[in-house]
Amino acid sequence: MSQTFILDGKTIPFADGQTIMQAATQAGVFIPHLCYHPDFKPHGSCKLCTVKVNGRQTASCTMRAMAGMVVESDTPEINAERLTLTQMLFVEGNHFCPSCEQSGNCQLQATAYHLGMMSPHFDHFFPNRAVDASHPEVLLDFNRCILCSLCVRASRDVDGKNVFALSGRGIKTHLIVNAKSGQLADTHFTLDDKAAQVCPVGVILKKRRGFAVPIGERTYDKQPISATVDAAEGN
Amino acid sequence: MNAPKKKLKVATTSLAGCFGCHMSLLDIDERLFTLLEHIEFDRSPLTDIKTVSPDCDIGIIEGGLCNAENVHVLREFRDNCKILIAIGACAINGGLPAQRNHLPLTTILEEVYHTSPGLSNGMIPNDPELPLPLNKVHPIHEVVKIDYFMPGCPPSADAIWKVLTDLLAGKEPELGHGLMHYD
């Protein structure tokens, strides 16, 4: 790891083939992200990890690190754009945090806190996608889905079950269940699947586990998402 | 917080709210006395004033818009307040009441007032005295311009105190980790 690049004035070492995101994470520098997960290939849909490389914007989860590049991430300009992206995600779905079981453990919510989102700014879409409660152990609320495709990737690449997929075009793009009936109960999905663990928001929920963790002790009550980079991913 | 020469006039109201944000405002406890050195309340559920004075400085709105009267009151606040603040999840994104948005309004009214078991001679109330419900619940920024937002369901007393004291000090309100909550 003799090669380095500059991130917000800090020298970051990297190995050949690493992305900016991977190198930054390894160095303990937090770059906001939702669809990136260290266990999976990058997806590049959420755009929260956008940085400026040598003056041009690019996704840090897909951009390979190169020696000597100058990267800006934690700047007012980039963070303002990240805030707008987060607001877009909030109005596209029904993110009623006060009644969501994931509240306090939700990456989307914690990212919005991190970016200082006081309001979603845009007009709301109020989508109406039916809940899938067919599975005995798991409930799916599609109105919270941010199309990160982590469950798709986990089910296909790790579990080998191919339970989920993204379907449709444009704003009508949505998460579907790969079964003739379209119901989760008609797949081999189980709670032990990797796909059951990776949802960064409140779509894939374990049934009969309502609000088990006291307020104040949830993941992002204890520390902001920016402080979780070492614990979660520093390897 | 430097005391201004003249007290700021603050009006508050609850539209499609639960009054929880007002309760959270009262949760600032004895700091209310400090607050009252800087502000006086105009139209508010806490006062007996029926209409917003034309020279109000700050209007604080809890709740989203669920009926025609809500829209009327919101416009009255916008017309008479220099600064309008949305407080709480309902005012900001419709909140939990907006979970009715995927149901047809007639279905809801039918079920509650007409077909529900235990109702005798049930009928949907139709007196013109009653405000008509809107088809959907809306956040208030979709109808008038809102200057500041205090997230939370409700925002904690400390968060409300922070936003109000920031504003009274002429600063852009900011909530850091621990004060910023949507739930």
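**Note on the predicted model of chain A**

1. In β4(A), Q57(A) is the bridge partner of K52(A), and this pair belongs to an antiparallel arrangement in which strand β3 (residues 50-53) of chain A and β4(A) are joined over four bridges. The coordinates under discussion are those of a predicted model, and the points below should be read with that in mind.

2. Helix α2 (residues 76-92) of chain A packs on the sheet, where it touches β3, β4 and β5 (70-72) of chain A. The direction of this helix makes about 150° with that of β3(A).

3. The sheet itself is open and is formed by five strands of chain A in the order β2-β1-β5-β3-β4, with mixed pairing. The edge positions are taken by β2 (10-14) and β4 (56-59) of chain A, each of which has a single partner strand, so one side of each is left without a neighbour in the sheet. From one strand to the next, the twist averages 40°.

4. A further pairing involves strand β7 (residues 164-167) of chain A, which runs antiparallel to β8(A) and is joined to β8(A) by four bridges. Within this pair, A165(A) stands opposite I176(A) in β8(A). The two strands, β7(A) and β8(A), form a hairpin with six residues between them, and in the turn G168(A) has a positive phi of about 90°.

5. Which residues of strand β8 (residues 174-177) of chain A lie on the covered face, and which on the uncovered one? The covered face of β8 in chain A carries L175(A) and V177(A), whereas H174(A) and I176(A) are on the uncovered face.

6. Taken as a whole, chain A contains six helices and nine strands. Its C-alpha trace spans about 55 × 40 × 35 Å along the principal axes. A compact globule with 235 residues would have a radius of gyration near 18 Å, and the 18 Å of chain A agrees with that value.

7. Of the 235 residues in chain A, 49% are buried, and the accessible surface of the chain comes to about 11100 Å², of which carbon and sulfur atoms account for 51%. Among the contacts in chain A between residues at least 6 apart in sequence, 63% join residues that are at least 24 apart.

Conventions:
Residues numbered from 1 in each chain as written. Chains lettered and ligands numbered in written order. Predicted model: local features only at pLDDT ≥ 70, side-chain atom pairs only at ≥ 80, totals over all residues. Heavy atoms only, no water. Buried < 20%, exposed > 50% of the residue type's maximum accessible area, 1.4 Å probe, protein only. Pairing = 2+ DSSP bridges. Axes fitted to C-alpha atoms, helices over the stretch in contact; angles between N-to-C directions. Contact = heavy atoms within 4.5 Å. Rg over C-alpha atoms; globule rule 2.2 N^0.38 Å. Areas by Shrake-Rupley, 256 points an atom, 1.4 Å probe, with all protein chains shown as cover.
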